[in-house]
Number of protein chains: 2
Amino acid sequence: MTSPDTGETGSLLLDDQLCFGLYSASRAVTALYRALLEPLDLTYPQYLVMLALWQQDEQQVKELGAALSLDSGTLSPLLKRLEKAGLIKRERQSDDERSVRIRLTEEGTALRTKAERIPPHVGAAMNLDKAELGRMRAVMDELTASVNAYRESYRPS
Amino acid sequence: MTSPDTGETGSLLLDDQLCFGLYSASRAVTALYRALLEPLDLTYPQYLVMLALWQQDEQQVKELGAALSLDSGTLSPLLKRLEKAGLIKRERQSDDERSVRIRLTEEGTALRTKAERIPPHVGAAMNLDKAELGRMRAVMDELTASVNAYRESYRPS
DNA sequence: CACAACTTAGTTGTGCACAACTAGATGACA
DNA sequence: TGTCATCTAGTTGTGCACAACTAAGTTGTG
């Protein structure tokens with residue numbers, strides 16, 4: 001797993017690369033979310049944080065980071081913007097002054113109703129049947145795990 | 001195609017969403033490229049531009065933008081950095097002073113040799129058999145097209 | 001207890017992605 | 001021919017992603 005298959009051709013053609021397809025698809029989906037989220041005044045990463053909080057309120061920055069694979073360098077300013085927008089509160093925990101607990105405001109909780117109209121649009125836009133959608137999700141998860149494992153074991157040759 | 005399937009549940013659970021899987025996979029792949037490209041002193045988007053130029057040298061900014069779906073707001077500073085690194089030259093075309101032609105330097109052409117060692121690593125890291133890889137690429141392309149079409153026809157409801 | 005190691009958020013700096021805009025060149029056509 | 005629309009690249013400003021670092025709190029160990 002740590003040694004590349006040098007028997008493969010390894011084409012440098014742009015269109016041959018799954019990675020470019022992945023990159024393009026990801027940007028296309030983000031662009032769709034940009035349009036869908038515009039009435040909610042959220043960016044896609046902000047929406048992801050809200051999803052995590054709607055699923056479970058009162059999470060530490062660290063927990064949100066683990067859920068989304070984002071570090072404090074990304075989350076800290078993003079959470080400040082969400083707080084400024086009145087959707088969350090950030091408060092130091094008294095039992096451990098290092099950690100900050102993120103809590104939804106009433107407004108933040110209420111936004112969920114509007115957000116519920118979004119997934120159907122995304123589902124329709126992706127134009128995949130249920131079976132393929134499930135398979136894709138599985139492949140994406142495996143791909144992420146596999147690629148991360150490879151990267152972590154990679155040493156410049 | 002322009003109307004969402006409201007019969008679907010539209011779960012707001014983070015892990016249910018293919019989009020999040022896509023976003024995660026794309027970031028994982030980019031992180032792998034970051035490690036692989038570090039010896040070449042290229043970022044992933046810079047590498048994509050180089051791929052496009054290795055495939056066909058002497059392209060206008062506009063053509064590169066079409067190939068990668070990037071606008072001049074992204075490309076202009078990126079190309080300046082590639083020029084500063086000595087990999088490309090940017091020159092106004094004499095027959096149409098609006099457009100800028102991007103040309104590989106000798107150094108830029110030579111870098112291709114080093115770059116050829118990268119795709120095998122990526123292929124190994126993705127851990128997909130040839131058939132599945134081809135299928136994924138096809139699904140990604142369809143997904144991108146479908147999502148972009150939906151977005152372009154979308155009007156805030 | 002002292003203090004070193006570790007943990008949690010936050011800050012700074014770089015580069016990408018994109019919207020909105022500008023400058024200058026070109027083309028269309030009344 | 002004038003001038004108006006269009007085209008091409010670039011600029012500015014915002015936000016994300018990440019590396020590298022800092023500050024402050026907590027834990028472990030002699």
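**DNA strand D and the two protein chains**

Biologist: Which atom of DNA strand D is 3.4 Å from the side chain of B:Arg98?

Modeller: A sugar or linking oxygen, paired with an N or O atom of the B:Arg98 side chain. A polar contact here is a pair of N or O atoms within 3.5 Å.

Biologist: And which elements line the surface there, near DNA strand D?

Modeller: Those giving two or more residues include α2 (44-55) and α4 (72-84) of chain A, and α1 (18-37) and β2 (88-92) of chain B. Helices are DSSP runs of H or I with at least four residues, strands are runs of E with at least two, and both are numbered from the N terminus.

Biologist: Where do these numbers come from?

Modeller: This is a predicted model, where local features need pLDDT of at least 70 and side-chain atom pairs pLDDT 80 or more, while totals for chains, interfaces and linings use all residues. Residues are numbered from 1 along each chain, chains are lettered from A and ligands numbered from 1 in written order, and side-chain values use heavy atoms, without hydrogens and water.

Biologist: What does A:Arg98 approach on the DNA?

Modeller: A base nitrogen of DNA strand D, 3.1 Å from a polar side-chain atom of A:Arg98.

Biologist: Changing topic, what rotation superposes chain A on chain B?

Modeller: One of 180 degrees, with 0.0 Å of shift along its axis and RMSD 0.0 Å. That is the relation of a two-fold axis.

Key: A polar contact is a pair of N or O atoms within 3.5 Å; within protein, one must be able to donate a hydrogen and the other to accept it, and residues adjacent in sequence count only if both atoms are side-chain atoms. Copies are superposed by least squares on the C-alpha atoms of residues with pLDDT of at least 70 in both.
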